[in-house]
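Reader: I'm new to this one. Could you walk me through how to read a few of its features?

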Amino acid sequence: MARPAGMIGFHSHAHATPATEDPRYTAAEFPTNKLLYLVQLADGCGVDSRSWFAGLGLNRAQIADPALRVSYRQASLFVHRALVALAAAGVGDAGLRIGREGSIGGFGLLGLAMMTSRTFGEAMLAGIAHHKICGCLLDLSFEAVDEHAVAMVALPLFDDASLLPFFCEELFASSTMIARELVGAGLRPLRVELAYPRPQHADEYAQLFGCELRFDAPRCRLLIETRWLAHPLPGYNPLTAQQALALCAQQRTADGGEPHQEIVAAVERLLRSRLRQQPTLTDVARTLNLSERSLRRRLTESGRVFREIHDRVRAERALQLLQAGALSVAEIGGEVGYSDPREFRRAFKRWTGMAPQEARRAAA
């Protein structure tokens, strides 16, 4: 059967590399889905997860925030700590446990885009194109195997052999569950290939996937029959699918732009929580356990300056409040740290090129 246009050879932009000097290693571009799932699993198993957050500039409440983005460095260190603690408690199959709970609804906007796709193949193409917005810490691609099979290929972003089993278990298990949700329980992979040794809980793989398993393979691949790609989906809605995909494209970071370095994301996060107090560079550095000089240097290395970040965060918050319409201009000024309404009006016009009342009328 015909494959969706552009399916074969389609892949995301990242490539595997062992170099932690790579700026992608500290770019805050990953949602915290996997971190939250691990904490929830720990809760259910009676494992204390508090130490997993140490030194990462994160806390439990923050990882439940869908707007939060973390770097690969932060996420991988958190996952490593989680797997060590869970294994000590006798939980060696964390990836499969989390993946088995996967559902299309848990994918948010991407789930909506997939559900309203024309065919299963188009849904999978959407999933590959936007996999990062679901917190996936692998690079994904589709490739043709032969006339009868295609494969989803998972490649590590960095050389983290100890984390690859967890990442692949969670990815392939959740992908299988979601595929069955879209086209029916009859979907079974042709084969699952895994680039790591056979784990002690391999019998759980066989039970979940119901197909041939190959461990110590050259790459991690999940193979399915080509015929499934043309399977029509009952929820097909071209307008909804198009709108959902457009929103997915804006969600690479919380503001829809290029990924921030994690230090920039940390500063933004702290500023948003303290806008009324007008925190200074010194205040922020102290909270982040850095010297003022170190913070300034790290921001400069990321191509940013503190005042520009502070102004953008204040402008965004002021615009949100103006659009909501519940507060006066003076009250909004207070919310973003200005006790003098006139000073706020001048600052707002500097940020946006218009007066607060003009922005409110435009929003209305």
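**Lysine 34 and its surroundings**

Author: Let's start with contacts, meaning heavy atoms within 4.5 Å. Leaving aside its neighbours within four places in sequence, lysine 34 touches Cys134, Gly135, Cys136 and Glu170. One caution: this is a predicted model, where local features need pLDDT of at least 70, side-chain atom pairs count only at pLDDT 80 or more, and totals for chains, interfaces and linings use all residues. Residues are numbered from 1 along each chain as its sequence is written, and side-chain values use heavy atoms, with hydrogens and water left out.

Reader: Is lysine 34 buried or exposed?

Author: Buried means under 20% relative accessible area, exposed over 50%, and partly exposed in between (1.4 Å probe, protein chains only). Lysine 34 has 10% relative accessibility, so it counts as buried.

Reader: And what does a positive phi tell me?

Author: Most residues other than glycine have a negative phi. Here, glutamine 278 has a positive phi, near 50°, and asparagine 289 has one near 60°.

Reader: Where are glutamine 278 and asparagine 289?

Author: Helices are DSSP runs (H or I, at least four residues), numbered from the N terminus. Glutamine 278 sits in the loop between helix H10 (262–273) and helix H11 (281–287), while asparagine 289 is in the loop between H11 and helix H12 (292–301).

Note on methods. Helices (H or I, at least four residues) and strands (E, at least two) are DSSP runs, numbered from the N terminus.
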